[in-house]
Amino acid sequence: MKEKLEEKERKRKLAAQKSSDLVRGLRKKVDNVLKKYGGELTFDGLQEMTYLDMAVNESLRLYPPGTVLLKKCSKPFRLETPSGGSFELEAGTPVAVPLFAIHRDP
């Protein structure tokens, strides 16, 4: 049990270090673009900040602002199950799409 806790703490520290390194790298890239445009945040400057765009998109993937997307089935739809069975959704059936789970499904 102690070994598992130590391993978990080691992984947490590595993730924190990696995160710090990524933030420092992102900050350096943003600072370089801002310097290029005289300290002004411009449209062209933002277009050059591709690493910032990737960081924001990854943050939104990992931590979506909404956790569930609620929809209503518009027409009958048959769903197949992993075990080989199936079931039918009737038109008008509410459907909850778990965004948090979908974004983290490998």
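Begin by selecting Glu58 and Arg61 in this predicted model: both residues lie in helix 3, three residues apart, about one turn of the helix, and they form a salt bridge whose closest N and O atoms are 2.8 Å apart. Colour the pair by accessibility and Glu58 counts as partly exposed at 35%, while Arg61 is also partly exposed, with a relative accessible area of 32%.

Staying in helix 3, pick Leu60, which at 41% relative accessibility counts as partly exposed and which, leaving aside its neighbours within four places in sequence, is in contact with Pro65 and His103.

Next, show helix 1 (residues 2-36) together with helix 3 (residues 50-62), whose axes come within 9 Å and cross at roughly 140°; that angle makes helix 1 oblique to helix 3, and the crossing is left-handed. To see where they meet, select Leu22, Gly25, Leu26, Lys29 and Val30 in helix 1 with Tyr51, Leu52 and Ala55 in helix 3, a contact that by class has six nonpolar, one polar and one charged residues.

Move along helix 1 to Glu7 and Arg10, which lie three residues apart, about one turn of the helix, and form a salt bridge with the closest N and O atoms 2.7 Å apart.

Finally, select Lys36 and Glu48, a salt bridge in which the closest N and O atoms are 3.1 Å apart. Lys36 lies in helix 1 and Glu48 in helix 2 (residues 43-48), so the pair ties together parts that are 12 residues apart in sequence. Lys36 counts as exposed at 56% relative accessibility, whereas Glu48, at 34%, counts as partly exposed.

How values were computed. Residues numbered from 1 in each chain as written. Predicted model: local features only at pLDDT ≥ 70, side-chain atom pairs only at ≥ 80, totals over all residues. Heavy atoms only, no water. Axes fitted to C-alpha atoms, helices over the stretch in contact; angles between N-to-C directions. Helix = DSSP H or I, 4+ residues; strand = E, 2+ residues; numbered from the N terminus. Parallel < 35°, antiparallel > 145°, perpendicular 65-115°, else oblique. Left-handed = near helix turned anticlockwise from the far one by under 90°. Contact = heavy atoms within 4.5 Å. Nonpolar A, V, L, I, M, F, W, Y, C, P; charged D, E, K, R; others polar. Buried < 20%, exposed > 50% of the residue type's maximum accessible area, 1.4 Å probe, protein only. Salt bridge = Lys/Arg side-chain N within 4 Å of Asp/Glu carboxyl O.
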